[in-house]
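Dear colleague,

Here is the structure I promised to pass on to you. Please look through it first, and then read the notes that follow.

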Amino acid sequence: MTCAFSPNGQSVACGGLDNVCSIFNLNSPTDKDGNLPVSKMLSGHKGYVSCCQYVPDEDTHLITSSGDQTCVLWDVTTGLRTSVFGGEFLSGHTADVLSVSINGSNSRTFVSGSCDATARMWDTRVASRAVRTFHGHEGDVNSVKFFPDGNRFGTGSEDGTCRLFDIRTGHQLQVYRQRQGDDEIAAVTSIAFSISGRLLFAAYSNGDCIVWDTLLAEDVLDLGSLKDSHEGRISCLGLSTDGSALCTGSWDMNLKIWAFGGYRRVI
């Protein structure tokens, strides 16, 4: 269900329905079938692992979210849980946690999105309570992503909207909503910001991928309207490190790379 490269690019973490986050060392020798062996298994969640992300500039710690309503900070070296966020604590999520995003400007803070229709901000030094809870969505919060400046974050929800929140005030700053038609509202499955933050990329369950102007909340382009766009639900998206290309993954079994200079290829 999820995977992430370590900051040094030498390891990959992945998690899913087995409730475990597995770590693979890319420098390890392969077995006789050409597969990499698991170098570490992070066990402790009581539900599926929905998302994992390494702490920026650290190869030894990562954060996972789970269907058991918690997030966990792990020490990859020992394989042990450093902190558990939520669960028995009253300020924790009350339903499956689907996504996490660590603040690139302050790696001690991260946000999580949940099926309880809220996003919550946490401080890794204070696991006993959420720093703030953000309301506004009317459906599962499928995706959360910090804005480049670290003072705001975006959300994408089953209710068909994306929203922008200020972590300092807790206020909702903007709503990104598709024009209403006769069709059923498409859920937002994944989001990402451009490097400057001026653009918000949002993937939808109907195969659309809309580029939003973050400030004006206006759609700039719908990649789903272009020739050879996806024919199924887009389940994930990611921006290249230099911001020059976007990759989308879909239930139509294709990965598509959208280069902003106009070149695009299908894998």
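The model is predicted, so to speak of local features a pLDDT of at least 70 is needed, side-chain atom pairs count only at pLDDT 80 or more, and totals for chains, interfaces and linings use all residues. Residues are numbered from 1 along each chain as its sequence is written, and side-chain values use heavy atoms, with hydrogens and water left out.

Strand 15, residues 161–166, pairs with strand 16 in the antiparallel sense over five bridges; strands here are DSSP runs of E with at least two residues, numbered from the N terminus, and two of them pair if DSSP finds at least two bridges between them. Both belong to an open sheet of four strands in the order 13-14-15-16, with antiparallel pairing. The edge strands, each pairing on one side only, are strand 13 (141–146) and strand 16 (172–177).

S143 lies in strand 13 and is buried, with a relative accessible area of 6% (buried means under 20%, with a 1.4 Å probe and protein chains only). Leaving aside residues up to four places away in sequence, S143 touches S99, G154, T155, G156, T189, S190 and I191, where contact means heavy atoms within 4.5 Å. For I191, the side chain of S143 reaches the backbone nitrogen at 3.2 Å. The C-alpha atoms of S143 and A202 are separated by 9.7 Å, although the two residues are 59 residues apart along the chain.

Methods: Buried means under 20% relative accessible area, exposed over 50%, partly exposed in between (1.4 Å probe, protein chains only). A polar contact is a pair of N or O atoms within 3.5 Å; within protein, one must be able to donate a hydrogen and the other to accept it, and residues adjacent in sequence count only if both atoms are side-chain atoms.
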